Amino acid sequence: MNKRLLSRLTLALLAFVVLSISAFYFFQDLLVFQTVSLEANYAYRFDQPFEEYSIPVTESNAGTDVTLYALWF
């Protein structure tokens with residue numbers, strides 16, 4: 001292979017890796033935290049004991065009240 005082709009392939013591979021890593025970084029919230037809306041009276045069922053907590057949170061930017069739900073195993 002000539003040097004020009006090899007350098008172009010290396011540059012293309014490097015660009016692909018940088019773009020892939022950037023995409024994973026900027027979209028990590030969508031990949032990790034997949035939101036699912038549940039009914040208000042949804043009952044969790046697990047084999048081990050757990051406690052359900054609801055934490056009221058006030059968002060200062062939006063001025064609305066939000067509730068964060070968590071499970072403690």
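## Phe24 and exposure

Phe24 is exposed, with a relative accessibility of 56%; exposed denotes over 50% relative accessible area, buried under 20%, and partly exposed the range in between (1.4 Å probe, protein chains only). Phe24 belongs to helix 1. Helices (H or I, at least four residues) and strands (E, at least two) are DSSP runs, numbered from the N terminus. Between the C-alpha atoms of Phe24 and Ala40 there are 32 Å, with 16 residues of separation along the chain.

The model is predicted: local features require pLDDT of at least 70 and side-chain atom pairs count only at pLDDT 80 or more, while totals for chains, interfaces and linings use all residues. Residues are numbered from 1 along each chain as its sequence is written, and side-chain values use heavy atoms, with hydrogens and water left out.

## The nonpolar surface patch

A nonpolar patch on the surface is formed by Phe24, Tyr25, Phe26, Phe27, Leu30, Leu31, Val32 and Phe33, which together have about 1,000 Å² of accessible area. Patches consist of residues with over 30% relative accessible area and no salt bridge; nonpolar side chains (Val, Leu, Ile, Met, Phe, Trp, Tyr) are joined within 5 Å, and like charges within 9 Å. A salt bridge is a side-chain nitrogen of Lys or Arg within 4 Å of a carboxyl oxygen of Asp or Glu. Accessible areas come from the Shrake-Rupley method with a 1.4 Å probe, and for residues only the protein chains shown count as cover.

Helix 1 (3-26) and helix 2 (28-32) each contribute at least two residues to this patch. Leu31 lies in helix 2 and is partly exposed, at 49% relative accessible area.

## Residues beyond the patch

Phe46 is located in the loop between helix 2 and strand 1 and is partly exposed, with 39% relative accessibility. From Phe46 to Phe33 the C-alpha distance is 21 Å, at 13 residues apart in sequence.

Pro56 is part of strand 1 (residues 51-58) and is exposed, at 70% relative accessibility. The C-alpha atoms of Pro56 and Asp29 are 22 Å apart in space, and the two are 27 residues apart in sequence.

## The largest pocket

The largest pocket has a volume of about 390 Å³. Among its 13 lining residues, Val36, Ser37, Leu38, Tyr44 and Tyr69 are the closest to its centre. On a 1 Å grid over the protein atoms alone, a pocket is an open set of points where a 1.4 Å probe fits, with protein on both sides within 12 Å along at least five of seven lines; lining residues have an atom within 4 Å of a point. Grid points are joined across faces, edges and corners, and a volume is the space filled by probe spheres set on the points.

Strand 2 (residues 65-72) gives the most to this lining, with four residues.
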